[in-house]
Number of protein chains: 2
Amino acid sequence: DQKPIDLNDPFSKDPFRLPVFRINSKKPFNAEPPIELLTDSYITPNELFYVRNHLPVPEIDPDSHRISVDLGDSSIQLSLEDLKTKFKPVTITTTIQCAGNRRQEMSDFKTKGLSWGPCAIGTARWTGARVRDILLSAGFDPDDKTIKHVHFNGFDDDITNTSYGASIPKQKAMSLDGDVIIAYKMNGVDIPRDHGYPVRAIVPGYVGARNVKWLRQITVGSDESTSHWQMNDYKAFSPSTTFETANYKKAPSIQEMPVISAISVPKPGSIIDPEDGMVEVKGYAWSGGGRDIMRVDVSADGGNTWQEASLTKDDPDADDSAHCWAWTLWTAEVPVAAGKVEIICKAIDSANNCQPEWIGPIWNLRGFLTNAWHRVNVTVEN
Amino acid sequence: DQKPIDLNDPFSKDPFRLPVFRINSKKPFNAEPPIELLTDSYITPNELFYVRNHLPVPEIDPDSHRISVDLGDSSIQLSLEDLKTKFKPVTITTTIQCAGNRRQEMSDFKTKGLSWGPCAIGTARWTGARVRDILLSAGFDPDDKTIKHVHFNGFDDDITNTSYGASIPKQKAMSLDGDVIIAYKMNGVDIPRDHGYPVRAIVPGYVGARNVKWLRQITVGSDESTSHWQMNDYKAFSPSTTFETANYKKAPSIQEMPVISAISVPKPGSIIDPEDGMVEVKGYAWSGGGRDIMRVDVSADGGNTWQEASLTKDDPDADDSAHCWAWTLWTAEVPVAAGKVEIICKAIDSANNCQPEWIGPIWNLRGFLTNAWHRVNVTVEN
Ligand SMILES: [Mo]
Ligand SMILES: [Mo]
């Protein structure tokens with residue numbers, strides 16, 4: 001069923017995507033892979049990495065593209081070749097997660113946003129140049145106390161010629177431990193168009209929204225980015241805050257992500273034939289800020305008893321990361337009774353933070369940061 | 001009621017303490033201040049800072065005391081004067097919290113440990129030399145991949161001449177952002193004897209137990225400290241782990257601390273005369289790892305509605321900290337109904353981590369890391 005291309009459609013030049021995606025929005029394209037494929041490999045294949053686009057995918061000529069580093073009183077222009085040759089290449093393995101991952105579970109309540117399942121998350125090895133090195137080479141003074149934020153602006157435009165933009169704290173961008181890079185490779189190949197070709201910001205441990213794609217400009221400032229997505233989106237509120245009382249000016253931007261986990265096997269609604277009364281449960285766990293996963297507990301009896309999962313992670317020393325930015329995959333053998341069974345998982349990160357038991361106390365009007373215990377309902381055969 | 005000093009008692013040389021403390025153990029001395037005094041000032045007065053001693057308080061002559069920095073193939077000895085003059089002094093404001101803070105709330109279940117209330121926490125400005133600078137001056141190679149931990153050993157001995165010891169990851173000790181120091185001043189004066197006179201380690205954002213007092217040695221190693229307190233204490237387990245099944249070898253050491261909060265006003269059991277149906281609630285909130293507090297929610301109706309608290313913190317730029325290591329004090333005006341009322345608080349940190357609703361899912365046999373919502377029961381008059 002091929003449709004003719006509408007040349008007036010700003011999305012007509014969007015790239016091809018695998019039909020296997022669960023699509024939450026076509027224009028802009030927002031889609032997640034099926035959960036049974038998500039945890040099949042530690043590194044998410046580029047073709048299966050969730051896509052979160054705010055605007056049409058821009059067409060960028062890699063030869064003429066320049067990244068403008070604007071510091072007010074000075075400015076440099078970097079070609080892709082400059083980025084690859086003038087700075088030490090570093091490779092960082094990081095999980096990236098959408099602020100709206102698992103929002104669907106808040107949908108019993110009224111929320112505004114794309115109805116993501118638990119797969120708006122993925123893990124890749126990104127190669128690029130440190131933002132720290134780029135800013136220093138442009139003459140940035142890291143001790144300038146008036147500068148508190150580093151801004152990234154994208155090449156993706158809306159019809160008013162407003163581009164996507166975001167900012168992160170200077171501390172994160174300039175720290176040797178922060179591992180913030182401008183990436184030109186995703187898992188060893190050119191970054192696919194949906195993921196920012198030819199260059200994007202990688203901000204490990206922070207919300208996906210700050211990992212600006214199709215990067216065209218880096219700036220610095222005393223304040224956060226004035227972009228819509230920094231100021232009036234990607235902020236969380238108390239469960240008692242309504243659309244009428246939400247004060248976007250006062251609310252802090254979502255930056256570092258909290259501990260989360262999800263069950264990928266078995267799928268919701270499965271009918272399970274247990275082996276010696278046991279079922280195998282698999283999933284992922286992750287925390288932001290470079291925190292590792294210390295433990296994953298799994299229960300099939302409403303939390304009365306918990307089984308510790310076996311944790312799998314790739315060697316974290318295999319890349320140039322200062323911290324543990326990437327997820328942990330896990331497997332647990334859990335005793336189950338026959339009948340309707342709810343399987344639950346919860347993770348503890350290396351700062352001993354835990355996940356909340358249910359959605360209620362973390363509910364927020366935009367449905368961000370859904371990190372309650374993950375629950376999958378199945379039927380266990382006799 | 002003065003008792004004669006028993007010279008055979010290893011605790012006979014312990015210092016004087018204010019009678020206002022709530023004492024959890026006399027020998028070794030373990031005590032916390034009353035909650036109505038705890039949040040009266042942002043900086044905890046030295047005399048009111050909770051005391052957590054594992055052994056008798058040693059008597060140390062500051063003139064002859066040496067800190068031995070032992071790197072295997074090289075070693076240096078530092079006097080107090082060396083520490084003060086050979087390294088750039090830095091001042092770090094940090095909250096320190098005992099792993100067992102609020103353990104009392106887990107006492108409905110069987111736990112092992114001192115029955116701390118919510119006041120085994122305090123905030124001070126510590127002045128000293130960076131461990132990073134000390135190790136580098138002793139010839140430590142930060143790129144030595146075989147070294148993964150930095151160890152601190154104390155001067156406090158038990159009867160077998162085993163001293164208190166602990167270790168932290170090299171990454172934390174060597175990072176410019178880690179702010180790990182060997183302190184010789186607490187709030188501008190010599191460190192009191194109960195808090196480590198003349199020198200102690202300060203490991204901001206980590207559990208109190210790693211902030212080794214009466215420091216006599218710094219070493220490095222491929223493994224963690226073999227001290228009892230690193231290997232067989234200060235570890236957390238799943239709620240389903242028993243004393244019989246606990247595997248101390250496999251369990252990770254508690255290092256970074258999770259988000260916590262507590263109510264200091266009103267006190268449990270208070271009878272409150274509300275003003276226009278409102279009651280003023282005060283308390284503290286803190287998170288480890290340099291994370292700030294983003295929001296504190298307070299409820300007096302079982303969590304149906306939440307009031308956002310006003311947050312107070314001292315200027316975080318007033319010291320040499322790279323991160324937000326110190327607590328947030330807060331005040332909220334909460335509507336209350338007449339009768340028996342439970343007041344609840346919960347905090348969100350800058351990584352969007354939250355506190356668990358109740359003790360059950362985080363219960364662990366040692367009663368560590370009690371960071372559930374804090375609840376205070378009061379009676380509200382008509
Ligand atoms: Mo997102
Ligand atoms: Mo402690």
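This is a predicted model: local features need pLDDT of at least 70, side-chain atom pairs count only at pLDDT 80 or more; totals for chains, interfaces and linings use all residues.
Where in chain A is Asp276(A) placed? Asp276(A) sits in the loop between E15 and strand E16 (278–286) of chain A. Phi of Asp276(A) is positive, about 50°, although the residue is not a glycine. Asp276(A) is also exposed, because its relative accessible area is 78%, and the cut-off for that class is over 50%.

Asp179(A) is placed in the loop between helix H4 (170–174) and strand E10 (181–186) of chain A. Relative accessibility is 1% for Asp179(A), so this residue counts as buried.

Two peptide bonds deserve a look as well. The bond from Lys27(A) to Pro28(A) is cis, with omega near 0°. Pro28(A) lies in the loop between E1 and strand E2 (30–32) of chain A. The bond from Tyr197(A) to Pro198(A) is cis too, with omega near 5°. Pro198(A) belongs to the loop between strand E11 (189–190) and strand E12 (200–202) of chain A.

Now turn to the sheet. Chain A has an open sheet of five strands, ordered E15-E22-E21-E17-E18, with mixed pairing. Strand E15 (271–272) and strand E18 (307–308) of chain A are the edge strands, and each pairs on one side only. In general, strands of a sheet pair through backbone hydrogen bonds, either parallel or antiparallel. E15(A) pairs with strand E22 (residues 374–380) of chain A in the parallel sense, over two bridges. Ile271(A) has Thr379(A) as its bridge partner in E22(A).

Lys346(A) and Asp297(A) meet through their side chains at 2.8 Å, N to O. Lys346(A) is in strand E21 (residues 339–349) of chain A and Asp297(A) in strand E17 (residues 293–299) of chain A, so the pair ties together parts that are 49 residues apart in sequence. Lys346(A) counts as buried because its relative accessibility is 4%. Asp297(A) is at 0%, so it counts as buried too.

Which residue of chain B does Lys250(A) bridge to? The partner is Glu308(B), with the closest N and O atoms 3.8 Å apart. Lys250(A) lies in the loop between helix H5 (228–231) and strand E14 (260–265) of chain A, while Glu308(B) lies in strand E18 (residues 307–308) of chain B, so the pair joins two chains. Lys250(A) is exposed, at 61% relative accessibility. Glu308(B) is partly exposed, at 40%.

Over all chains the structure holds 36 salt bridges. One network of them links Asp14(A), Arg17(A) and Asp194(A). Arg102(A) and Glu105(A) form a salt bridge through their side chains at 2.7 Å, N to O. Arg102(A) counts as buried at 0% relative accessibility, whereas Glu105(A) counts as partly exposed at 28%.

Arg103(A) is placed in the loop between strand E6 (90–97) and strand E7 (121–130) of chain A. Arg103(A) is buried yet has no salt bridge. Asp233(A), the nearest side chain of opposite charge, is 6.1 Å away. What does the side chain of Arg103(A) reach at 2.9 Å? It reaches the backbone oxygen of Arg366(A).

Phe16(A), Leu18(A) and Val20(A) make a nonpolar surface patch of about 300 Å². Val20(A) is in the segment before strand E1 (22–25) of chain A. Val20(A) counts as partly exposed, at 37% relative accessibility.

Note on methods: Residues are numbered from 1 along each chain as its sequence is written. Chains are lettered from A and ligands numbered from 1 in the order in which they are written. Side-chain values use heavy atoms; hydrogens and water are left out. Two strands pair if DSSP finds at least two bridges between them. Helices (H or I, at least four residues) and strands (E, at least two) are DSSP runs, numbered from the N terminus. Patches are made of residues with over 30% relative accessible area and no salt bridge: like charges are joined within 9 Å, nonpolar side chains (Val, Leu, Ile, Met, Phe, Trp, Tyr) within 5 Å. Accessible areas come from the Shrake-Rupley method with a 1.4 Å probe; for residues, only the protein chains shown count as cover. A salt bridge is a side-chain nitrogen of Lys or Arg within 4 Å of a carboxyl oxygen of Asp or Glu. Buried means under 20% relative accessible area, exposed over 50%, partly exposed in between (1.4 Å probe, protein chains only). Lys and Arg count as positive and Asp and Glu as negative; His and the chain ends are not counted. A polar contact is a pair of N or O atoms within 3.5 Å; within protein, one must be able to donate a hydrogen and the other to accept it, and residues adjacent in sequence count only if both atoms are side-chain atoms.
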